[in-house]
Amino acid sequence: NPDLTASAAGHLMIGGVDTVELAHQFGTPLVVYDVAAIRQQIQAFRDSLVANGLRYQISYASKAFATVAMYQLVNQTGIHTDVVSGGELYTALQAGLPASRISFHGNNKSRAELEMAVDHHIGVIILDNFYEIQLLHEILLEKNTNADVMLRLTPGISAHTHKYIQTGQVDSKFGFDVDSGQADQAVQAVLNIEQMHLIGIHAHIGSQIFGPEGFEMLVNKLVDISADWRAKFHYVPQILNLGGGFGIRYTQDDHPLGPETFIDDIANALKKRVAQRQLDLPEVWIEPGRSIVGPAGYNLYTVGSRKDIPELTPYVAVDGGMGDNIRPALYQAKYEAVCANHLNAPTIEPVHLAGKYCESGDILIDQAKLPAVVPGDLVAVLATGAYGYSMASNYNRNPRPAVVFVENGQAKCVVQRESYADLTRLDQPYL
Ligand code: LLP
């Protein structure tokens, strides 16, 4: 793998730190983030938005990886974040992220969550449904205050991707449907509410998108809606929030556009359509999650048992699995792995890289190309930074791994490894 760096001893290096040292110091399974890679991705989005002369906001979709350290990094880079629960909002605020740079998403925000958002005067609440418009209106009246809002629309565009992560098609639990007139009803309702200031519209067409077509269609549709609303309601959204979904490379078979190309294509489509519809260029918001943290993450595991079956692919098991990365089991997601303590050893026959969980489906990589590994060897699964730790569980009462940030040759533990005591912390005796 040409993107990986080896030490003189042939160890995988991340951010100038030897992964064998990391495993030694922090134990395995271990989640490691290359902080410079996160910064680079953010900068790449920013540079392209600037180069295209757009007014913009980058809002990191923190569901991809949400911890205090990550929100601190977001804060330092100056971008926004979006949250989808009271828990994410709490964590972001704990990290010191200014509330004004937080957007709140979700198809069923509770009264308590909305109150929390209102009390902290967060940047924008993205309204998802009629019930929420009413609930937020009640809260704003009770608290005698206002809020900036956007409307989440379901534009009827579905990015071709795994069906569990499509959210833009008409048959979706998210947002106001455009073609049936729900979106028109919603905008009228919100424009009539004095306590709500409608700053823009939002749509998210899917995740792990490789090509520009879906975004181009989305831009056209949102501009057309804006023109339509100008005529019908004398209202033009000032912000078009295009959601996230920018794909990343998990394996050699993946060929996503980079941030630059995605943004260039979006900007060109947008400029063309607003000129056609005689509208001003709106501010553009994007919400990348996976593309910011995914490529920067590595899951390190120690090799344990091996099972050989005559004429079949052998099973090599590591000390983690579906508890720290559910994506292969849940979405048949594909990953690549390397032997981190023998990075340059030639690969041999593929193996099933199995986890340690009591479930046959707990296979991290179905056909992993590794050298002949033995117990104690270190395996790194690549590009695990998005929706890995954030979807981790305590299944089988396995403690969740530690998370380490590395940068400039320094390693810092940013989430401690769970202990057995942590596992029973909330348990109460019955007898
Ligand atoms: N904005 C909205 C409104 C979203 O719903 C999402 C993701 C994003 C932004 C960020 O999308 P990204 O840039 O990360 O693709 N657990 C699944 C992914 C679920 C994504 C849900 N929404 C996975 O592991 O693939």
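The largest nonpolar core holds 125 residues, and Ala-337, Leu-353, Val-379 and Ala-380 touch the most other members. Such a core is a set of buried Ala, Val, Leu, Ile, Met, Phe, Trp, Tyr and Cys residues joined through C-beta atoms within 7 Å. The core lies between domain 1 (5-33 + 294-419) and domain 2 (35-293), because both give residues to it. Those bounds come from an automatic or database domain assignment.

This is a predicted model: local features need pLDDT of at least 70, side-chain atom pairs count only at pLDDT 80 or more, and totals for chains, interfaces and linings use all residues. Numbering starts from 1 along each chain as its sequence is written.

Beyond its neighbours within four places in sequence, Ala-337 is in contact (C-beta atoms, placed from the backbone, within 7 Å) with Leu-353, Ile-365, Ala-368, Leu-370, Val-379, Ala-380, Val-381 and Leu-382.

Now the annotation. An unreviewed UniProt entry places the feature "binding site" at Arg-290, Arg-327, Tyr-331, Glu-359 and Tyr-387. These residues are spread over 98 residues of sequence and also in space, up to 26.9 Å between C-alpha atoms. UniProt positions follow the numbering used here, feature names are shortened, and annotations may be inferred rather than shown by experiment.

Two of these sites can be followed further. Arg-290 is in helix H10 (residues 290-293); helices are DSSP runs of H or I, at least four residues, numbered from the N terminus. Arg-290 counts as buried because it has 26 C-beta neighbours inside 10 Å. The cut-offs are 20 or more other C-beta atoms within 10 Å for buried, 12 or fewer for exposed, and in between for partly exposed, with C-beta atoms placed from the backbone. Not counting residues up to four places away in sequence, Arg-290 touches Ala-64, Ser-207, Gln-208, Ile-248, Ala-386 and Tyr-387. Tyr-331 sits in helix H11 (residues 327-331). With 16 C-beta neighbours inside 10 Å, Tyr-331 counts as partly exposed.

Note on methods:
Helix = DSSP H or I, 4+ residues; strand = E, 2+ residues; numbered from the N terminus. Contact = placed C-beta atoms within 7 Å.
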